[in-house]
Amino acid sequence: MKFPKKITKKSNKIDETDYGIYISKDINKNIARLKNDFGCSSDLEVTYFMFDNNKDFICANLYIESLVDRNIINDLSLEMAKLKYEYCNAKPDINSNIVISYFSRIRDSKEGSDYETLYADLLAGDTVFLIDGYNKFYTVDTNADEGRSVEEPTSQTVIRGPKEGFTEKINTNILLIRKRLKSRALRLEKLSIGNITKTTVCLMYIHDIAKDEIVQEMRKRLANIEIDGILEGWYIEELIKDDRHSIFPVFVSSEKPDSVVAALLEGKLAILIDGTPYVLTAPALMVEFLQASEDYYHHYIVASMMRVLRFITFFLTLLVPAIYIALTTFHQEIIPTPLLVSIAAQREGVPFPAIVEALIMEVAFEILREAGVRMPRAIGPAISIVGALVLGQAAVEAGIISAIMVIVVAITAISSFAIPYYEMSNAIRTMRFILMSLAAFLGLYGVFMGLIVMTLHLCKIKSMTVPYLTPIAPKIKGGNKDTIFRFPLWKMKYRPIGISGTDTARTHGHNPVSSDQKEKPELR
């Protein structure tokens with residue numbers, strides 16, 4: 001790099017006195033500090049330029065090469081060349097006021113004066129302009145708009161309904177919500193979380209629909225996060241959830257804009273994180289994890305039938321292996337005689353007790369599931385299917401496990417895939433192993449004890465101060481029109497009590513955790 005006459009290599013040396021909060025009027029010190037703080041990174045580009053009619057007037061532009069769009073940089077260079085040409089023979093000489101006036105006309109430009117803002121702008125892909133003798137800087141948006149385009153969601157596929165899914169770009173995700181929710185009441189609050197990553201996080205809600213208490217609580221929890229980096233939404237969920245040791249998810253993680261908009265219309269809050277295609281919504285209720293956005297795009301009778309089916313698969317996933325172990329180990333008298341004889345015949349050559357047999361199959365299936373996820377997409381499903389068939393058939397023929405156990409594990413596995421949200425499916429898979437262990441030691445008594453403890457735990461959990469089992473426990477009158485069954489849309493006239501905020505509710509001291517709420521909920 002060629003230095004202008006006024007800028008010498010000696011001036012690039014800095015000492016501790018140069019480390020102030022605001023930038024200096026000396027362009028040499030500013031650039032020297034920038035290079036020092038960035039460790040003389042090779043992709044930090046610094047370009048000096050002067051005007052022929054005023055050689056003492058020096059400017060510089062800085063950007064990080066890997067973060068900017070080269071086409072925009074070339075356009076800016078042409079604009080600066082045009083400015084130099086216009087004022088080449090101008091009288092009086094060009095000065096800082098002329099250049100500042102020029103920058104103010106550029107779209108997506110802004111002014112700053114402190115180093116932290118300058119660093120944040122550089123790391124966001126902006127180009128920074130410094131002027132010698134001027135203790136402020138201008139930034140122009142030159143961020144490279146690289147990333148995945150809007151595609152169909154991979155984890156929440158639907159037959160009928162919108163096919164658009166969120167991307168890793170937070171501005172694109174805001175656009176997808178904004179174009180569905182054209183309301184001036186929609187509020188967006190951006191903040192930076194992560195001492196090192198400085199990840200952009202956006203809190204979104206609808207004013208006068210979301211409860212003020214929940215909004216304030218969410219702001220407080222997000223502001224109190226102290227961590228080096230946020231790479232995905234789970235970081236935030238784990239840091240701000242009420243019961244940090246609970247395996248049950250208390251935030252709904254959605255890849256579909258229509259689902260997030262529906263949650264906002266109910267008075268919930270959405271958290272968008274830059275770099276992930278999943279948007280968190282809260283407060284989250286237990287019943288939401290067994291509902292799908294497609295339920296509202298079909299006839300209410302069909303949707304209700306599908307929901308009932310999901311609740312059935314929920315209990316099948318949780319209880320089938322544990323009940324099988326309990327019945328075959330402790331309570332054979334409950335099994336009908338013909339079925340008991342058939343099971344005994346199949347287990348005649350099996351050398352392991354039922355619990356060991358079940359654990360072998362369950363662990364083998366979990367290994368196959370994990371292998372199918374981690375392997376290349378082209379061969380992952382094939383390996384999972386072939387592995388399950390071959391291992392299951394070979395294990396039965398070898399006498400290691402019984403055929404009835406293959407059926408039990410198959411029913412459990414298929415039922416787990418019917419749960420719409422992967423986070424809830426993982427929690428149920430974990431609880432299934434706990435219930436299996438209790439069934440092996442205490443039989444059905446252990447299973448029911450485990451269910452009681454799990455139910456008490458679910459009653460204890462809260463999501464942003466709202467009970468997890470709302471509107472079932474606490475029971476809210478008229479609140480069950482969109483839980484296990486979906487009532488017709490013309491019957492669901494009110495928003496959920498305890499989540500959305502209304503003027504009436506605030507006037508009467510509405511309490512989201514109260515079970516004796518008598519006020520009328522707000523109209524949808």
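Trainee: Which residue is the bridge partner of C202 in strand 9?

Mentor: Happy to start there. This is a predicted model, in which local features need pLDDT of at least 70, side-chain atom pairs count only at pLDDT 80 or more, and totals for chains, interfaces and linings use all residues. Residues are numbered from 1 along each chain as its sequence is written, and side-chain values use heavy atoms, leaving out hydrogens and water. Strand 7 and strand 9 run antiparallel, joined by four bridges (strands are DSSP runs of E, at least two residues, and helices are runs of H or I, at least four, numbered from the N terminus). In strand 9, C202 is partnered by L272.

Trainee: In what order do the five strands of the open sheet stand?

Mentor: Two strands pair if DSSP finds at least two bridges between them. Strand 6 and strand 8 (252–254) each have a single partner strand and stand at the edges, so one side of each lacks a neighbour in the sheet. The pairing is antiparallel, and the order is 6-7-9-10-8.

Trainee: Which residue stands opposite L191 in strand 7?

Mentor: Strand 6 and strand 7 form a hairpin with five residues between them, and G194 in the turn has a positive phi of about 110°. Eight bridges join these antiparallel strands. I193 faces T199, while L191 stands opposite V201.

Trainee: How many residues of strand 7 are buried?

Mentor: Buried means under 20% relative accessible area, exposed over 50% and partly exposed in between, with a 1.4 Å probe and protein chains only. Strand 7 is largely enclosed by the rest of the structure, because its buried residues number seven of the eight.

Trainee: Within what arc do the buried residues of helix 6 fall?

Mentor: The buried residues in helix 6 are I214, V215, M218, R221 and L222. They line one face of the helix, since, taking directions from the helix axis to the C-beta atoms, they fall within an arc of 130°.

Trainee: Which residues are exposed on the other side of helix 6?

Mentor: An α-helix has 3.6 residues a turn, so residues three or four places apart point the same way. On the other side of helix 6, the exposed residues are K220 and A223.

Trainee: With which side chain does K268 make a polar contact of 2.3 Å?

Mentor: K268 sits in the loop between helix 8 (257–265) and strand 9, and is buried at a relative accessible area of 3%. A polar contact is a pair of N or O atoms within 3.5 Å; within protein, one must be able to donate a hydrogen and the other to accept it, and residues adjacent in sequence count only if both atoms are side-chain atoms. At 2.3 Å, the partner of K268 is the side chain of E288.
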